[in-house]
Amino acid sequence: MPMLLEKPSSRSTVLDKQQIADLSAGQISAMTTEELVETIQVLPLESALGIRLEFAGRGTLERLAHLARRYCY
């Protein structure tokens, strides 16, 4: 399986909207918490939710990543 997020240096690169739209459910499930948070950041939600995504539970992050995929489709 190809790397989900390229990490050329210590900083990661957020996926573009087309890459997020093309993610499979399996790829989302295999993502690390950091990758999920970076994927979700495409959504205009974080300030509206009033939560810090890195502290959300795994299930919540995966559901939001699926929502981000639909948003980008």
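Hi everyone. A helix here is a DSSP run of H or I with at least four residues, a strand is a run of E with at least two, and both are numbered from the N terminus. Thr39 sits in one of these, helix α3.

A word on the source: this is a predicted model, where local features need pLDDT of at least 70 and side-chain atom pairs count only at pLDDT 80 or more, while totals for chains, interfaces and linings use all residues. Residues are numbered from 1 along each chain as its sequence is written, and side-chain values use heavy atoms, with hydrogens and water left out.

First, the overall picture. The protein chain has 5 helices and 0 strands. Of its 73 residues, 33% count as buried, meaning under 20% relative accessible area with a 1.4 Å probe on protein chains only; exposed is over 50%, and partly exposed is in between.

Back to Thr39. Is it buried or exposed? Thr39 is buried, because its relative accessible area is 1%. Leaving out residues up to four places away in sequence, Thr39 touches Leu15, Ile20, Leu23, Met31 and Ala68, where contact means heavy atoms within 4.5 Å.

The rest of α3 is mostly covered too, with 6 of its 8 residues buried. Besides Thr39, the buried residues of α3 include Glu35, Leu36, Val37, Glu38 and Ile40. The buried residues of α3 pack against α1, α2 (25-30) and α5.

Now let's look at the pairing with α5. The axes of α3 (residues 33-40) and α5 (residues 58-72) come within 9 Å and cross at roughly 40°. Axes are lines fitted to C-alpha atoms, for helices over the stretch in contact, with angles from 0 to 180 degrees between N-to-C directions. The two helices are therefore oblique to each other; under 35 degrees counts as roughly parallel, over 145 as roughly antiparallel, 65 to 115 as roughly perpendicular, and the rest as oblique.

Which residues meet there? From α3, we have Thr33, Leu36, Val37, Thr39 and Ile40, and from α5, Arg58, Leu61, Glu62, Leu64, Ala65 and Ala68.

Finally, the largest nonpolar core has 17 residues, and those with the most contacts inside it are Ile20, Leu23, Leu36, Ile40, Leu53 and Leu61. Such a core is a set of buried Ala, Val, Leu, Ile, Met, Phe, Trp, Tyr and Cys residues joined through side-chain atoms within 4.5 Å. Helices α1 (17-21), α3 and α5 each supply at least two residues of this core, and the largest share, 5 residues, comes from α5.
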